[in-house]
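Subject: A structure for you to look at

Hi there,

Here is the structure I promised to pass on. Have a look around first, and then read my notes below.

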Amino acid sequence: MSDPAFEDLYREVILDHYKNPRGHGVIEDADAEAEGQNPLCGDEVSIYVAFGDDGETIDDVRFSGRGCAISQAATSMLMEMTKGRTVQQVAEMDKDELLAEIGVPLTPVRLKCAMLGLTTLKVALHRSKGTPLPEGLDGFDDLELG
Amino acid sequence: MAVETVKRLDARALRGDFPIFEEKIKGNPLAYLDSAASSQKPRQVLDRMREAYEHEYANVHRGVYELADRATEAYEGARLKVQRLLNARSRREVVFTRNVTYAMNLIAYAWGLPNLGPGDVAVVTELDHHAVFVPWQYIAGRTGAEFRAIPVDADGELQLDALDEIASAGRVRVVATNYISNTLGTVNPIERLTAWAHEQGAIMVVDAAQAAPHRALDVQALGCDFLGFTSHKMCGPGGAGVLWGREELLAAMEPFETGGEMIRSVKLEGTTWNDLPYKFEAGTPAIVEAVGLGAAVDYLEGIGFDAISEHEHELTAYALERLAELPWVRIFGPPLERRAGIISFEVEGVHPHDVAQILDRHGVAIRAGHHCTQPLMRRLGVAATNRASFYLYSIPEEIDQLVEGLHDVRKVFA
């Protein structure tokens, strides 16, 4: 007997990103960095950003850390998605864009895992460039009320 | 021609939602005139809590299994309902607490202790419940700050002309008061006090325990900085309360209690705090009680706060009129137009506890005592009062029953 939601949650692409994370590593003397934790699963993610000569383009972005497959795979996907974008584009990036990439419905509790990388990246950019702090990434912000 | 009218409530029909009104008390119908102490509970709230315990129960935030999701969504859903009720900007501003006392202590300790010192002034009022009065008196004492109470006049209304004198005592840093006096029903001028507090550079703290059950609250319109209320006075269960605070103030504050859930990362070298509102929710919260509060919010919004206020206003007018027929009854408090559904009174020559005891024989439940407002009792020159209070399920027959009972009190002590 198989549960389709379960099959979905751990679909191949997520397990692939988890086992072979893209952009995994540390950038020494990074232009921006931040560390994030999700107390639920004990997930930890550190993100390092190097800007291009224009100071606006994300030339390189890497992460290190450990945690559940959802948090690590989503952060891995995020590395691929944000490399080459501008600071402003990433600061304004909506959670739905990352969710579409993850491609499976998440409960509010697991959404927190999935958003850890994006939240941490936005915090790093905020510290370095003063862009807005992440808001509205929490799964409880848009619960359906009966 | 369309005429805009306030939706009226049908208290007799609503009583059907409250199982207690099906009972006889000492052979009489129940006249429950003590809702200011705690309200009765409708089936809708009880059913929702039973459903939560039977089908949605696990600890919140921690598990990833189905039941933990259901419990977490129910608990966080209740928070969103409170956010909507208060028109708060963000759910991060809504902290679940045990009750108002806890909410007021949280502010006094987590904001007051590090922010007050010699030369500062903490201001309350002579009207205030001990839950507001005592925490600020205590924290002022510990920090060396001045502690002042805005005086009331003989009708129990704030004497705002005393504000200048209070401001001259030092730097006013906090003004804390009841929105509505639990003893006299006085509706305080919160917007005006808030404006004055902010002129002084102070924060404004509002205890809305007697307001939240009866009238629509809009924290953004009120302009205050913190506001607390409790579930059990508004048709919800005991053990759940709310502290609303401005996000920037809450974010800058240290925690009040430490432990599980309120942390982000714990290491031997140090610990960092969780996001709002969880930084202030250490330990397993009262999960199903919060869900019950959410159901109570739904219930009250379904009836409509305008309808509830209007109904209570009419009952208060009727009760003041009926009590005025009794020349041996003295009524305390402000005139009808500035009074919520609370009436404190005394019966000439009879101690309030004896009044309440005799009324109980008639199935009438009122409160007798100092109502946790001893400074106010001293100001009024009494040791205690009787207090009748009304809610959405109160009906005029209960007031008639009270008046009949008072005639009996008079007879017994003649």
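What covers the buried residues of helix 11 of chain B? The cover includes helix 1 (11-14), helix 10 (287-303), strand 14 (342-347), strand 17 (385-389) and helix 14 (396-412) of chain B.

Before going further, a word on the source. This is a predicted model, in which local features need pLDDT of at least 70 and side-chain atom pairs count only at pLDDT 80 or more, while totals for chains, interfaces and linings use all residues. Residues are numbered from 1 along each chain as its sequence is written, and chains are lettered from A and ligands numbered from 1 in the order in which they are written.

Helices (H or I, at least four residues) and strands (E, at least two) are DSSP runs, numbered from the N terminus. "Buried" means that 20 or more other C-beta atoms lie within 10 Å of a residue's own, "exposed" means 12 or fewer, and "partly exposed" is in between, with C-beta atoms placed from the backbone.

Back to helix 11 of chain B. Its buried residues are B:Ile308, B:His311, B:Glu312, B:Leu315, B:Thr316 and B:Ala319.

Next, a strand in chain B. From strand 4 (residues 94-97), B:Val94 and B:Phe96 point one way and B:Val95 and B:Thr97 the other way, and all are buried. Strand 4 of chain B pairs with strand 10 (residues 241-245) of chain B in the antiparallel sense, over four bridges; pairing requires that DSSP finds at least two bridges. One bridge joins B:Val94 to B:Trp244.

Over in chain A, A:Asn38 lies in strand 1 (residues 32-38). Why is A:Asn38 counted as buried? Because A:Asn38 has 24 C-beta neighbours inside 10 Å. Leaving out residues up to four places away in sequence, A:Asn38 touches A:Asp43, A:Ser71, A:Lys112, A:Cys113 and A:Leu116; contact means C-beta atoms, placed from the backbone, within 7 Å.

Finally, where the chains meet, 16 residues from chain B and eleven residues from chain A take part. On the side of chain B that touches chain A, helix 3 (66-86) and strand 11 (263-267) each supply at least two residues, and helix 3 of chain B gives the largest share, eight residues.

Enjoy exploring!

Best wishes

How values were computed
Contact = placed C-beta atoms within 7 Å.
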